[in-house]
Amino acid sequence: MAGASARPGVALVVSDVDGTLLDPERNLSPGAPAAVEHLKQAGIRFTIASARPPRLTQPLLRSLHVSEPSACFNGALLIDPDLNILHQLPMTSTDAQTVAGHIRKSGLDLWVYTDTDWYVSNPSGPHVQHQEKLMQGKATPLLSNDMSQFGVLKLVGVSDDYDAVKRAQLELDHLFGVAISATCSSDYYLDVTHADANKGMVILTLSKMLNIPTEQIATLGDM
């Protein structure tokens, strides 16, 4: 329309990973690299935001030639393509202790993620072997119940009792006095992070970090 101000275009696309860039077998969709390249040719920047740890996002960053900061653990950790830490939001020791105790009391195995390490309460438990294959390394046995010795970025409750996982998630949602975000990333994984570690906050953080207004950021995927 004559005299109307131009509407700003998209300057950055932020995509989820599992179920968005990856197929059901967790392989990168064949068209994804070309799609990202088309964005770059149009002058649009691209990055990812995922619940995954850095070791599981780095291969994707390389395959997609991502040069922007990306988010792991649903935003509890922001890294550059070389895995250097740009921003992190660990759980408080008190919250981590409360949540870890609740996960164990609910009959779920406990996984603890820091910026570099992965600890499991049951090394022979369900999904550990599969995760070790993805991580290309063995999990570290969790030998202590004291969460204060870890810089906890994410706690995971793991069980093939899907009802128990969902029940624990609902109970954590109503747990008084903790500042957490609890989501079921699958039927058997209950992910818990700091309350401000979510993909909405990722967008706000990237907006400030890259000096891109939020109205010029497009998002793909869940959350």
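The structure holds zero disulfides (a disulfide being a pair of cysteine sulfur atoms within 2.5 Å). The model is predicted: local features need pLDDT of at least 70, side-chain atom pairs count only at pLDDT 80 or more, and totals for chains, interfaces and linings use all residues. Residues are numbered from 1 along each chain as its sequence is written, and side-chain values use heavy atoms, with hydrogens and water left out.

Cys72 is buried, at a relative accessible area of 0%. Cys184 is partly exposed, at 30%. Buried means under 20% relative accessible area, exposed over 50%, and partly exposed in between (1.4 Å probe, protein chains only).

Pockets were then located. On a 1 Å grid over the protein atoms alone, a pocket is an open set of points where a 1.4 Å probe fits, with protein on both sides within 12 Å along at least five of seven lines. Lining residues have an atom within 4 Å of a point. Grid points are joined across faces, edges and corners, and a volume is the space filled by probe spheres set on the points.

The largest pocket holds about 540 Å³ of space. Its lining comprises 31 residues, and Asp18, Arg26, Ala51, Ser185 and Tyr189 lie nearest the centre. Two or more lining residues come from each of β6 (109-113), α4 (128-135), β9 (154-158), β10 (180-186) and β11 (189-194). β10 gives the most, with four. Helices (H or I, at least four residues) and strands (E, at least two) are DSSP runs, numbered from the N terminus. By class, this lining has 13 nonpolar, nine polar and nine charged residues. Ala, Val, Leu, Ile, Met, Phe, Trp, Tyr, Cys and Pro count as nonpolar, Asp, Glu, Lys and Arg as charged, and the others, Gly among them, as polar.

The second largest pocket holds about 370 Å³. It is lined by 18 residues; Arg52, Arg55, Leu56, Pro59 and Leu134 lie nearest its centre. α2 gives the most, with seven. The lining has seven nonpolar, five polar and six charged residues.

Ser159 sits in the loop between β9 and α5 (162-173). Ser159 is buried, with a relative accessible area of 10%. Its side chain reaches the backbone nitrogen of Asp161 at 2.9 Å. Neighbours within four places in sequence aside, Ser159 is in contact (heavy atoms within 4.5 Å) with Leu108, Val165, Asp187 and Tyr188.

Terms used: Polar contact = N/O pair within 3.5 Å; in protein donor to acceptor, adjacent residues only side chain to side chain.
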